[in-house]
Amino acid sequence: MSGSALFDTYARAPLSFDRGEGSWLVSENGERYLDFGAGIAVNSLGYTHPHLVAALVEQAGKLWHLSNLYQIPGQARLAERLVAATFADKVFFTNSGAEAIEGSIKTARRYHYANGQPERFRTITFEGAFHGRTLATIAAGGQAKYLEGFGPKADGFDQVPFDDIDAVEKMIGPQTAAIMLEPVQGEGGIRPFPAQSLRRLRELCDKHGLLLIFDEIQCGVGRTGKFFAHEWAGVTPDIMAVAKGIGGGFPMAAVLATENAASGIVPGIHGTTFGGNPLAMAVGNAVLDVILADDFLDEVTRKALLLKQGLAAIADEFPDAIEEIRGTGLMLGVKCKVPNATFNAALREQKLLAVPAGDNVVRLIPALNITDEDIREGLERIRAGARAVSSPVSA
Ligand SMILES: *Cc1c(COP(=O)(O)O)cnc(C)c1O
């Protein structure tokens, strides 16, 4: 597309939105779209949630930015709340997911350095992973299409096939520092690691003195019906990257770690200008007010069941369009029989927004507070979309 002053990084849909309300986006010409993409799992509480708007507006009238040379009370408070609700003892705030992954990798390398093993700097990752778009995170993700043309791949990453824990064991060597994975792969096509695999990875890390890093940037913050997806497996990491849903639409992210794992990080060693700024912290605290309130996560699980059962019925009805429904919580994938771009376009025709992923999957990742009524409306539109791409000869 010529004529745009923007970098040609995205093949954008010809849609432009003016405002949002709950799970709905309103286009500039007044058309309403039901949003099951939620800004790629970012708008965890939908659009213009009154509690989030109030928190942002209140902070905007007080203080936007303050350097990390000073105390930032909202930052300390959000860190304490994250520590209280998770395995972690320490938190470092960043602005984006990729920065949180970079911070996680650096934390792991420094841990070994501080423990007298500077040769341990390599991280094992899994095929199908997505960890971001910086030079180190494309190396971690290992996907050829994101590495091509950007010079030598950053050193320090070894990749094994998805969920191949025997291959991980064979890959561990004297330079291995950490194992990193998304408990549920997002861009890779909504692929959950079995709980048993997460437990084996924890055991391998303990046995070999490695750090386990979870990338919960997409699957965390309530998305699967637990605060973090790894809770389903009863396994905790040493380090975790969090982003997307934690800001409810405001750019913010975090590295969480145990005290031990973060022990190599000392003053001056790592930092950020914008990370943990007062605006982001006000919104992050407001997101936690909602997500950690009684019953909220149980409601996510209940709604997820409603959506998944409805999708399963549609898959039964149109077996030539849909192969299977996968995923957990409100992180569901429709594995398509037709090209996923075709299915996604058919949904958009029905004014339902979803997000394509790898493995020919279309992601359904709506706001966590989506109403039952909007779920039913969405299912009607998905049924209509499936019918449109399904071959007319099928009964
Ligand atoms: C989105 C995402 C990232 C990268 O986050 P950015 O904010 O785009 O840098 C990393 N890991 C996972 C699992 C993601 O979904």
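The model is predicted: local features need pLDDT of at least 70, side-chain atom pairs count only at pLDDT 80 or more, and totals for chains, interfaces and linings use all residues. Residues are numbered from 1 along each chain as its sequence is written, and side-chain values use heavy atoms, with hydrogens and water left out.

Polar contacts are pairs of N or O atoms within 3.5 Å. The side chain of K244 places an N or O atom 2.6 Å from a ligand oxygen. For the side chain of Q218, the distance to a ligand oxygen is 2.7 Å. F130 contributes a backbone N or O atom, 3.1 Å from a ligand nitrogen. The protein buries 81% of the 380 Å² that the ligand exposes when taken alone (Shrake-Rupley method, 1.4 Å probe).

Elsewhere, four strands form an open antiparallel sheet in the order β13-β14-β17-β16. Strands are DSSP E runs of at least two residues, and helices are H or I runs of at least four; pairing requires at least two bridges. β13 (322–328) and β16 (355–357) are the edge strands. β14 (residues 331–336) and β17 (residues 361–364) share four antiparallel bridges. K335 has V361 of β17 as its bridge partner. Helix α11 (residues 340–349) packs on the sheet and touches β13, β14, β16 and β17, contact meaning heavy atoms within 4.5 Å. The direction of α11 makes about 40 degrees with that of β17; axes are lines fitted to C-alpha atoms, for helices over the stretch in contact, and angles run from 0 to 180 degrees between N-to-C directions.

Methods. A polar contact is a pair of N or O atoms within 3.5 Å; within protein, one must be able to donate a hydrogen and the other to accept it, and residues adjacent in sequence count only if both atoms are side-chain atoms.
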